Amino acid sequence: MKTLPVVAVLGLGAMGHAFAANLLKSGFTVRGWNRSRARGEDLTAAGLILCDSAGQAAGGADVVISMLTDGDITQRILKTALPQLRQGAIVCQMGTIGVEATQALIADFGRDRPDIVFIDAPVSGSKAPAENAQIAILASGDRYKAAALEPVFAAISHRQQWLGPAGAGQRMKLVVNSYLIGLMQSLAESAALADRLGFSAETLWGALEGGPLASPYAEGKLGMIARNDFTPQMQLAHALKDARLALAAAPELELSGLQNIASLWQQAAEAGYAEQDLASVAQFIADPRKS
């Protein structure tokens, strides 16, 4: 029986916390770090080794997962950890950080630590699926050199798709999230129109349910709208960040729909919806008091 790799999780927000919890449940030794130490304290009873720095966490691991807010933070944190990484360690960057930041990381590791296997593996899924190990991983990089990731991915996801050289996963994640963002905007507008024409979000779902337009995602988001409960699965601010990353990745395309959504969601964020679930944009659209 093969020994499980020691895993470090850098960033214990909603997704990273779920990864660490699932790895602990599967018997891994897990080292963790977060800018706010309190985010990981609840997992120490389950065995999490909570570290004071990213370098300390990463230096004791065979596999390092980074799940941080954006590209700038990810580059800065991984740069500080770079000298402390074990020879031949695997660094698996799983946040949505965009094409430019990913290429910069690939160049940094290639220049400064060519012994490290760098894997670009953002995920499709939000907080609840991550907690239940039901996310999909969009992986890219040298799969064969990263064989130690197989049990790690099995513990935190329900499927993985390998897409090619490092960087391909990030590009596909932007495509997937552009679809998700457009779908959420359509649901929000449809819910607002339904309300104006005398129907609830629940009644709208009833009209969709069982037909070709129904999906678990639509059911979940319309349910949030019906309950007026926007406890974040994916914060509006994070979705807005992803929309901008997608637009920046292909500036030559006339992605007018995504551009318009980004503009509207910026207004919603400024109106106080930034830290709520992205479904809260339905409330913003329906609010006659907005400017």
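Select D277 and show its contacts (heavy atoms within 4.5 Å). Leaving aside neighbours within four places in sequence, D277 touches K221, M224, F230, T231, P232, Q233, M234 and L236. This is a predicted model: local features need pLDDT of at least 70, side-chain atom pairs count only at pLDDT 80 or more, and totals for chains, interfaces and linings use all residues. Residues are numbered from 1 along each chain as its sequence is written, and side-chain values use heavy atoms, with hydrogens and water left out.

Stay on D277. Where does D277 sit? Look in the loop between helix 12 and helix 13. Helices are DSSP runs of H or I, at least four residues; strands are runs of E, at least two; both are numbered from the N terminus. D277 has 0% relative accessibility, so it counts as buried. Buried means under 20% relative accessible area, exposed over 50%, and partly exposed in between (1.4 Å probe, protein chains only).

Next, select M184. Beyond its neighbours within four places in sequence, M184 contacts Y217, K221, I225, W265, L278 and A279.

Widen the view to the largest nonpolar core, which has 38 residues. Such a core is a set of buried Ala, Val, Leu, Ile, Met, Phe, Trp, Tyr and Cys residues joined through side-chain atoms within 4.5 Å. Colour I181, M184, L222, I225, W265 and L278: these touch the most other members. The elements giving two or more residues to this core are helix 8 (168–196), helix 9 (201–208), helix 10 (216–227), helix 11 (236–249), helix 12 (256–273) and helix 13 (281–286). A second, separate core holds 35 residues, including L23, V30, L43 and L50.

How many disulfides does the structure hold? The count is 0, where a disulfide is a pair of cysteine sulfur atoms within 2.5 Å. The sulfur of C51 is 18 Å from the closest cysteine sulfur, in C92, and therefore too far for a bond. C51 counts as buried because its relative accessibility is 4%. C92 is buried too, at 0%.

Finally, zoom out to the whole protein chain. Count 13 helices and 9 strands. The C-alpha trace spans about 65 × 45 × 35 Å along its principal axes. Of the 291 residues, 49% count as buried.
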